[in-house]
Amino acid sequence: MTGCTVVPGIRMDHRPDHRFVPEGADAADFDFEVREINADVIRTQDPRVAPALNIGDVRSREQVTDDYEYRVGIGDLLMVVVWEHPDLTNPIGAGTTTELDQLGRLVREDGTMFFPYMGLIDVDGKSVEEIRKIIEIGLEPFVTRPQVDVRVVGFRSKRAYITGEVRDPGALPLEDSPMTVMDAINAASGFSEVADRRRAVLTRGEEQFEIDILNLYATGSGDLLLRDNDVLHIPDNSVNRVFMVGELERQIAVPLKDGRLSLAEAISEVEGLDLSRANTAEIYVIRSTPVRKPDGTVHAVRPEVYRLDARSAPALILADGFELQPRDVVFVSASPLVRFNRVVAQYVPIIQALWQTDRILRD
């Protein structure tokens, strides 16, 4: 029976002296305990609140867009209407065109726009209301009580980009109507079939933020307002897999469905446990937790281990409530009798060879 300790295969070893600790690392960082999967563990599971909280507090879409105001930029086309003065309204000539592009006044590379009687006006970075007041005040010496309206007829200066696994990736012009992450995904015709619907990555300058898309769509909270030159990337689902090993009917990598997968679903995907070999009291979920240096860089991983005792029917309810995470490893241990049989199977050829050698020597 002591041969069970040397039988080939994978076994869970909880002994502290058998834990991998990188050279120079603090052993305490790699200490772990095996937690039983029970009602308390399920109740305290990470609810997957969006890491986009790094940008600010989670707010509703109305709160996110409430103070949005478009700022005019280089390349935009502005239409200026001076009531009862069509010669000032149409830069080409009164009555010659109704095309908005031709009615518009271009914001030049230096951020200025030409307007009669006023010359070049600095409009870059200003709202249409601010530009309206500037023109209204500037026309007072020439027009009695000028009534001015300003609107943007060509939004050309600001763009965000959506890339990755959406049906229609590309540039998205930012206009006077605010655009959020959810708006951008909808504008790109939604996800592709292989999209990671669990997360998105927003790149803003030198910073990157991970957004929990499932949380966003489920609750509506955590939506973010896109800014000029933001890049929203939807990765593919290839890394969102759970690895099933041990005494199972099949040993495969199971993809997370729409970003979610319970332990019970994962086991059913591989056609269940091999009940002739599995130790149903030792079903483990092994999860890696990054160990970071003081500067924030990851230099190793520490295992986080959960165990399910599935010898009773209520355990199946616990398995259905336990949410797996991408790159988890589900390991089902072999029963003690199977391990003993494997030891015997290893020794039988040796015993047979020794017996045959003894027969030859005797003969």
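Guide: Helices here are DSSP runs of H or I with at least four residues, strands are runs of E with at least two, and both are numbered from the N terminus. By that rule, Ile 267 sits in helix α8. A word on the source: this is a predicted model, where local features need pLDDT of at least 70, side-chain atom pairs count only at pLDDT 80 or more, and totals for chains, interfaces and linings use all residues. Residues are numbered from 1 along each chain as its sequence is written, and side-chain values use heavy atoms, with hydrogens and water left out.

Visitor: Why is Ile 267 called buried?

Guide: Buried means under 20% relative accessible area, exposed means over 50%, and partly exposed is in between (1.4 Å probe, protein chains only). Ile 267 has 12%, so it counts as buried. Not counting residues up to four places away in sequence, Ile 267 touches Met 244, Gly 272 and Leu 273, where contact means heavy atoms within 4.5 Å.

Visitor: What makes a set of residues a nonpolar core?

Guide: The members are buried Ala, Val, Leu, Ile, Met, Phe, Trp, Tyr and Cys residues, joined through side-chain atoms within 4.5 Å. The largest one here has 25 residues, and Met 244, Leu 263, Leu 308, Phe 322, Leu 324 and Val 330 touch the most other members. Elements giving two or more residues to this core include β12, α8 and β16. Val 330 touches, among others, Val 242, Met 244, Leu 263 and Tyr 284, leaving aside residues up to four places away in sequence. In soluble globular proteins, nonpolar side chains tend to be buried together.

Visitor: Why is Tyr 117 called exposed, and why is Phe 142 called partly exposed?

Guide: Tyr 117 has 53% relative accessibility, so it counts as exposed. Phe 142 has 48%, so it counts as partly exposed. Another stacked pair is Tyr 284 and Phe 331, at 6.3 Å and 20 degrees. Tyr 284 is in strand β14 and Phe 331 in strand β16, 47 residues apart. Both of these residues are buried.

Visitor: What makes β4 and β5 a pair of strands?

Guide: Two strands pair if DSSP finds at least two bridges between them. β4 and β5 have 4 bridges and run antiparallel. The strands form a hairpin with 3 residues between them, and Tyr 117 in the turn has a positive phi of about 70 degrees.

Visitor: How do you know that β2 and β3 pair?

Guide: They are joined by 2 bridges and run antiparallel, with Leu 77 partnered by Leu 106 in β3.

Visitor: What makes Lys 158 lie over the face of Tyr 70?

Guide: A charge sits over a ring if NZ of Lys or CZ of Arg is within 6 Å of the ring centre and within 35 degrees of the ring normal. Lys 158 is at 5.1 Å from the ring centre of Tyr 70 and lies over its face.

Notes:
Rings of Phe, Tyr and Trp (its six-membered ring) pair if their centres lie within 6.5 Å; planes under 30 degrees apart count as stacked, over 60 as edge-to-face and the rest as tilted.
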